[in-house]
Amino acid sequence: MANDKLFDTYYKCSKQGCFYRCKVKKDMVKHDTEDHGESKVKSMQKQRGNPENLLEFGVRKGFIPKEYGNWRQKYIATMDIECLECEFSGKREGMDRDIVMEQKIVSLAVGSNIPGTEPKFFCRSSSAPKAEEDLIEEFTEHLYDLRLEYLQHIPK
Ligand SMILES: [Zn+2]
């Protein structure tokens, strides 16, 4: 060999699946004890809580047919509420904190991917408190209708 200094010498870890290598033997000893030896830190993850969901529980107990064990509901309803910030006008007696502003509901929009439904928009007709009551009533009635529609699309 003309000049063997051109070839690098490495210590290679002999453990299967390990590609560690180093130039100094001391590093290899360190690697072996820290990464393969007794000083290696092992941690175990423990599952907490109940891993069984209610659906699986129902299937296991025989309340729900087995074929629905993996059933997932895919329908959602979302809503957006617009409010107007005003000076607080309610009663202040008996309050343990000072409320300066309040939110007055202006409008509500509801959308859902339940088949046969369309996005709905509700707006209060005036700033009278009764108009707010009516708006909330319209809104909850619509949620009830959505629920009836939804019930048509889940297994009986
Ligand atoms: Zn190794």
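I count two strands as paired if DSSP finds at least two bridges between them. With that in hand, I looked up cysteine 83 and found that it stands opposite isoleucine 105 in β4. I keep in mind throughout that this is a predicted model.

**Confidence**

I checked confidence before going further. The mean pLDDT of the protein chain is 87. I noted that 94% of its residues reach 70 or more. By element, I found the lowest confidence in helix α1, residues 25–36, at a mean of 87. The highest is in strand β5, residues 120–123, at 96.

**Overall layout**

I listed the secondary structure next. The protein chain has three helices and five strands. In sequence order I read β-β-α-α-β-β-β-α. I then asked how spread out the chain is, and compared its radius of gyration with the globule rule. The radius is 33 Å, well over the 15 Å that the rule gives for 156 residues, so the chain is more spread out than a compact globule. Along the principal axes, I get a box of roughly 100 × 50 × 40 Å for the C-alpha atoms.

Buried residues come to 2% of the 156.

**Domains**

I took the division into domains next. Domain 1 covers 8–36, and domain 2 covers 77–151. How far apart do the C-alpha centres of domain 1 and domain 2 lie? I find 67 Å between them.

**Helix α1 and threonine 33**

I picked threonine 33, which lies in helix α1. Is threonine 33 buried or exposed? I count 12 other C-beta atoms within 10 Å of threonine 33. The cut-off for exposed is 12 or fewer, so threonine 33 is exposed. I also checked threonine 33 against glycine 17. The two are 16 residues apart in sequence. Their C-alpha atoms are 16 Å apart in space.

**Helix α2**

I went on to helix α2, residues 54–61. How many of its eight residues are buried? The number is zero, so helix α2 lies largely in the open. Glycine 62 follows α2. I noted that the phi of glycine 62 is positive, near 85 degrees.

**The sheet**

I traced the sheet strand by strand. Three strands form an open sheet in the order β3-β4-β5, with antiparallel pairing. The edge strands are β3 and β5, and each pairs on one side only. On average, neighbouring strands of this sheet are turned by 20 degrees against each other, direction ignored.

I then went through the pairings. Strand β3 spans residues 77–87 and strand β4 spans residues 101–112. I find eleven bridges between β3 and β4, in the antiparallel sense. I looked up glutamate 82, and its bridge partner in β4 is serine 107. Cysteine 83, where I began, faces isoleucine 105 in β4.

On to β4 and β5. How many bridges join β4 to β5? I find four, and the two strands run antiparallel. I looked up leucine 108 here. Its bridge partner in β5 is phenylalanine 122.

**Helix α3**

My last entry is helix α3, residues 129–151. Which strands does helix α3 lie across? I find β3, β4 and β5. Against β4, helix α3 runs at about 25 degrees.

How values were computed
Residues numbered from 1 in each chain as written. Predicted model: local features only at pLDDT ≥ 70, side-chain atom pairs only at ≥ 80, totals over all residues. Rg over C-alpha atoms; globule rule 2.2 N^0.38 Å. Buried ≥ 20, exposed ≤ 12 C-beta atoms within 10 Å, placed from the backbone. pLDDT = per-residue confidence, 0-100. Domains from an automatic or database assignment. Axes fitted to C-alpha atoms, helices over the stretch in contact; angles between N-to-C directions. Contact = placed C-beta atoms within 7 Å.
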